[in-house]
Amino acid sequence: MAEHVILFTGPMGAGKTTAIESLSEIEVVRTEANNSERHIADKPTTTVALDYGEILIGAEEKVRLYGIPGQKRFDFMWAILKKRAKGMILLVNSDAPDPIEEMLSFIEEFRELYDRGGVVIGVSRADVVAGPTLGDYSDALERTNPDMVIPVFTVDPRNRDQMENVLLALIANIEMRAMFGMMTTEAV
Amino acid sequence: MAVEVNQVAGEPASVSMGFPVTVGWTHAAMAVYSVLRLNTPVNLKMHIEMHSPLLIDFRHHAFSWSTPLEIFPVDAVHTGLETEPTSDAAPPLFELPGQDLDGLLWEMGINSFGGAPAYWLPPDERYRLTRWPNLTQHRHTMQQMQMMAVLGNTFVSTSELAKLTGADESDAQRLINALSLMRILTRTSAAPAAVVVAPTAATKRQSLFGRLRKRLGR
Ligand SMILES: Nc1nc2c(ncn2[C@@H]2O[C@H](COP(=O)(O)OP(=O)(O)OP(=O)(O)O)[C@@H](O)[C@H]2O)c(=O)[nH]1
Ligand SMILES: [Mg+2]
């Protein structure tokens, strides 16, 4: 069976678990535990292992959705996942103390995925706090990789239609990049 | 600054400026394009039949209109357009935050020029995105999304863009017009990076995008 692994990364409370629940066709395997870091994200529970959801495409193919825990002390799991992943949806909550810094630290952590063009940024909780503009995020990304245009969207992870759009934009970008990525760097 | 409020009543003004006769959103798009290039702040008011006036405050990249963009009136009859010089210190044209101007520029760009090139675009150029529009906030088709994925990764002309994605050339042009109005395109007149070939039925089948899109009923 053909499988495509998509990672959901980002800081605590960005909406990774929520996003997977919006997209998955199966009951999401959640691993929530009581949140001992209420000062970082004020919510009762936090993911401690991996969230898991699926979208089946026909009988022979599926998209596997994995959500990592946002808490930094679980980062030993990231190494295995980034090797297997086709792409990553990096969610950043607009109401984090420094969302752009958060985004850049995850970009650095998942640099290999980023360098092959497999990343889309979703800015969540923009309805809670306006936060930096999308232009601010794009400017920061441009400094880390001037040749690449990473899609940055506002998104409400509770909204399935928006999450489907983010996922499809990620896949479209990965496929087009595979087709053109080499060419544009050579042509300059 | 001593610039007077300027009342432009539909078409004659643009004719005298040497532009082809335009109607509706094409005229509006040209006005917006011009104002966006001014060095002094100017507010715009558009009068549209059967709708309340559409107000644009460029200083705040915002607009105010009682008609929701979800029911954007493609064939609306524009009856007048006012430019109103303002200053950085002057109060906003309407109560902020208003709505994000990008949403209006997107609709306006897609629905003007009748699928022909926007008048400010010289022929024989190739385009690339400098950043993606905020797609979760704009009505868009899957084909437009795919075209943007092309534009995010390489320079292409309008006809190459159409060929690569199987889109009508006029639809590709409408997208280019909109992205250009939103000022998120860069242009080059250089030769193409490589020969553009239309995807075959086989490569389309191989595309996960195509299969997932179908699966999600889009
Ligand atoms: N208002 C609003 N609430 C949101 C948005 N995105 C997520 N939430 C809420 O924020 C809370 C946190 O979401 P989670 O899905 O638990 O976040 P997470 O990224 O999985 O967090 P960790 O597992 O702790 O790393 C949930 O209650 C969501 O409903 C948004 O865009 N707007
Ligand atoms: Mg979680």
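## First stop: a threonine and its partners

Select B:Thr26 and show what surrounds it: leaving out residues up to four places away in sequence, B:Thr26 touches B:Ser112, B:Phe113 and B:Tyr119. B:Thr26 itself is part of helix H2 of chain B, which covers residues 24-36. Is B:Thr26 buried or exposed? With a relative accessible area of 10%, B:Thr26 is buried, because the cut-off for that class is under 20%. Keep in mind as you look around that this is a predicted model.

You will find B:Phe113 in the loop between helix H3 (101-110) and strand S7 (126-129) of chain B. B:Phe113 is buried as well, at a relative accessible area of 9%. Check its backbone, too: the phi of B:Phe113 is positive, about 65 degrees, although the residue is not a glycine.

Next, select B:Met50, in the loop between strand S2 (42-48) and strand S3 (54-57) of chain B. Here again is a positive phi in a residue that is not a glycine, at about 70 degrees for B:Met50. B:Met50 is exposed, with a relative accessible area of 81%.

Then go to B:Pro97, which sits in the loop between strand S5 (78-85) and strand S6 (99-100) of chain B. Look at the peptide bond that runs from B:Leu96 to B:Pro97: it is cis, with omega near 10 degrees.

## An arginine on a strand

Select B:Arg187 in strand S8 of chain B, residues 185-188. How exposed is B:Arg187? B:Arg187 is partly exposed, with a relative accessible area of 37%.

## An enclosed helix

Now color helix H4 of chain B, residues 142-151. Nine of its ten residues are buried, so helix H4 of chain B is largely enclosed by the rest of the structure. Among the buried ones are B:Met142, B:Met145, B:Met147 and B:Met148, along with B:Gln144 and B:Gln146.

## Across to chain A and the ligand

Switch to ligand 1 and display its shell. How many residues surround ligand 1? There are 20, and the closest are A:Lys16, A:Thr18, A:Lys43, A:Thr46 and A:Thr47. The shell around ligand 1 divides into six nonpolar, eight polar and six charged residues. Helix H1 (16-23) and strand S3 (45-47) of chain A each supply at least two residues of that shell, and H1(A) gives the most, with three.

- An oxygen atom of ligand 1 lies 2.5 Å from an N or O atom in the side chain of A:Thr46.
- An oxygen atom of ligand 1 lies 2.9 Å from a polar backbone atom of A:Gly13.
- A nitrogen atom of ligand 1 lies 3.1 Å from an N or O atom in the side chain of A:Arg158.

Taken alone, ligand 1 exposes 660 Å², and the protein buries 84% of that.

While you are in chain A, select A:Gly135 in helix H5 (residues 134-144). A:Gly135 is buried, with a relative accessible area of 17%. Its C-alpha lies 8.8 Å from that of A:Val152, a residue 17 places away in sequence.

## Last stop: chain B as a whole

Zoom out and color chain B by confidence. Chain B averages a pLDDT of 86, and 83% of its residues score at least 70. Where in chain B is confidence lowest? It is lowest in helix H1 (residues 12-16), at a mean of 37, and highest in strand S4 (residues 62-64), at 98. Across residues 1-20 of chain B, pLDDT stays under 50. For the model, the scores are ipTM 0.88 and pTM 0.89.

Chain B has eight helices and eight strands, and 49% of its 218 residues are buried.

Notes. Residues are numbered from 1 along each chain as its sequence is written. Chains are lettered from A and ligands numbered from 1 in the order in which they are written. This is a predicted model: local features need pLDDT of at least 70, side-chain atom pairs count only at pLDDT 80 or more; totals for chains, interfaces and linings use all residues. Side-chain values use heavy atoms; hydrogens and water are left out. Helices (H or I, at least four residues) and strands (E, at least two) are DSSP runs, numbered from the N terminus. Buried means under 20% relative accessible area, exposed over 50%, partly exposed in between (1.4 Å probe, protein chains only). pLDDT is the predictor's confidence in each residue, from 0 to 100. Contact means heavy atoms within 4.5 Å. A residue is near a molecule or strand if one of its heavy atoms lies within 4 Å of it. A polar contact is a pair of N or O atoms within 3.5 Å; within protein, one must be able to donate a hydrogen and the other to accept it, and residues adjacent in sequence count only if both atoms are side-chain atoms. Accessible areas come from the Shrake-Rupley method with a 1.4 Å probe; for residues, only the protein chains shown count as cover. Ala, Val, Leu, Ile, Met, Phe, Trp, Tyr, Cys and Pro count as nonpolar, Asp, Glu, Lys and Arg as charged, and the others, Gly among them, as polar.
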